[in-house]
Amino acid sequence: MGPGLRVAYVNKNMDVSYEAKKKRARALRETVEREQRKLQEAERETLRLFPKEEDQRKQRHAEHLKKLQQESLRELEKLLKYRFGDKQGSCYFSSVDVRDMHGSDSGIRIGILGPTGSGKSSFINTCERAIKLTTRGSCKTQIRGAEDTILVEDYLDDIEGCKFRLVDIRTPGFFGYSAHFHMHNAHVSESDIAISNIMYGRIRPSQIIDFTERADELSDSWDSDFPHWLHAVIFVLSVRDPRLLSGTHMINLNVIREFIRSRGMDPVCVLTHVDQVRDESQLDLIKTKASAATGSDPSHVYFIENYHPDHNERDFNIELRAMEILNSALMVGERYVRIHKRLVKLG
Ligand SMILES: Nc1nc2c(ncn2[C@@H]2O[C@H](COP(=O)(O)OP(=O)(O)OP(=O)(O)O)[C@@H](O)[C@H]2O)c(=O)[nH]1
Ligand SMILES: [Mg+2]
C-alpha cells in the first residue's frame, strides 16, 4: 500500500447510541404495523367490493357455461327449423328439380359409417342428446351382431318436422371385407353391391340382409326413390385405432371412398376418442391420415369426445361440436343433391 493511503474499517453502528437504535427499531416496527394495517384494510375493501376469489372463479365459470348454453340453444333452434336448401340458399337449386326433397319427410339422410367400435352409435347418441336435450341417447352401443350382415337403423326420425336423419350403418367386418375384395379384385362387384344397397337406400329400416344379396332391383326410374338414398356420409373413425396411422384404413376404405367420391359426394369425417390422445402433437398427422383414408376435405374432418359412460354429464362443448358436424353434413348433403339432380337432368 502506498504512503498516505489508509484503509479504515468503519463500524457504522459504533457511533449510534443504544437509545437511537431502540428508536429506530420502534419506528421500523411501527412502519411494518402500519403497512400490515394498510394491507388488511385493502383486503377488507376488496372483499367488500368483490366476492371471495373462489366465488369469483365460480362466477366466471358459470358465466362461461351460460354463454355456451346460449350458443348451444341458438344452434339447436336453427337445426330444428332446418328446411332442405337452407344451407346453400334457394338460388343454388334454381336449375334443378328438388321438389321431392322439399316434400320429403326425412329430408337429408346422413349415413354414419365406420369400423366396429369406432364410436358410431356413441356419436349418434351424442347428437341425439344435443338435439333432443335428453340425458341419454337411444342408440345401443357396443352391441354384437353377425359378422356378415349390414344393419341399418334411422335416428332422429321421432322428432316431428326434423328434416334430417342419422342412419346408423352397422357393418361388422365390412371394412376388412371390403379391403379383401379390393385385394382380390375379382369380387369388387360384390362389394359394390353391398355399398350400393346402403347408399341407394335399398335396405329398409330394421331390415337385415347379407352382404352380397341384392336388396332390391333398381326401379324403372332410378331417381324415383332419391329421398330414400343417403345424401351425405359421415365416416366415424377412432383416433386410438392403430389402422389409421399404419395406413390400413387407406386400403380398407378404398372401395367405399371411391364409390362415394366418384358420385360427387364429399364425405365428412369424425374422429372419436380424442380424450384418449396423450400426445397432442399427433393430432395433425391423425387428421391428415383420416382425410386421406376417407377422402374428406381436411376442413370436413372433426375431432370429438363423444358422451361415454365416464363422461356422461351435460357438456355444451361436446354438443356444439356435434351440431357443427351435423351442419357440415347438411351442407355437403345439399351439394350432393344438386350434383345428382344435374345428372338426372342431363339424362
Ligand atoms: N372415451 C371415449 N369413449 C368412446 C368415445 N366414443 C365411443 N366411446 C366408447 O367406445 C366404445 C364403442 O363405441 P360404439 O358407439 O358402440 O361403437 P360403434 O361404432 O357403434 O360400434 P359397432 O356398433 O359395433 O359397429 C363404447 O364403449 C363407447 O362408450 C369417445 O369419444 N371417447
Ligand atoms: Mg354401434
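Biologist: What should I know about numbering and cut-offs first?

Modeller: Residues are numbered from 1 along each chain as its sequence is written, while chains are lettered from A and ligands numbered from 1 in the order in which they are written. The model is predicted, and local features need pLDDT of at least 70, side-chain atom pairs count only at pLDDT 80 or more, and totals for chains, interfaces and linings use all residues.

Biologist: Which residues are closest to ligand 1?

Modeller: Ligand 1 is surrounded by 20 residues, and the closest are G119, K120, S121, S122 and T141, where a residue is near if its C-beta atom, placed from the backbone, lies within 6 Å.

Biologist: And which helix gives the most to that shell?

Modeller: Helix α4, residues 120–132, gives the most, with three residues; helices here are DSSP runs (H or I, at least four residues), numbered from the N terminus.

Biologist: How does the shell divide by class?

Modeller: The shell around ligand 1 has two nonpolar, 14 polar and four charged residues, with Ala, Val, Leu, Ile, Met, Phe, Trp, Tyr, Cys and Pro counted as nonpolar, Asp, Glu, Lys and Arg as charged, and the others, Gly among them, as polar.

Biologist: Switching to packing, at what angle do α4 and α11 meet?

Modeller: Helices α4 and α11 pack at about 100°, with axes 9 Å apart, the axes being lines fitted to C-alpha atoms over the stretch in contact and the angles running from 0 to 180 degrees between N-to-C directions. The two are therefore roughly perpendicular, a label for angles of 65 to 115 degrees.

Biologist: Which residues in α4 meet α11 there?

Modeller: T126, C127, R129 and A130 in α4 meet I318, E319, A322, M323 and L326 in α11, contact being C-beta atoms, placed from the backbone, within 7 Å. That contact divides into six nonpolar, one polar and two charged residues.

Biologist: What about the ends of α11, how far apart are they?

Modeller: The end C-alpha atoms of α11 are 45 Å apart, which agrees with the 45 Å that its 31 residues should span, the expected span being 1.5 Å times one less than the number of residues. After α11 comes G347, whose phi is positive, near 80°.

Notes
Angles under 35 degrees count as roughly parallel, over 145 as roughly antiparallel, 65 to 115 as roughly perpendicular and the rest as oblique. Two residues are in contact if their C-beta atoms, placed from the backbone, lie within 7 Å.
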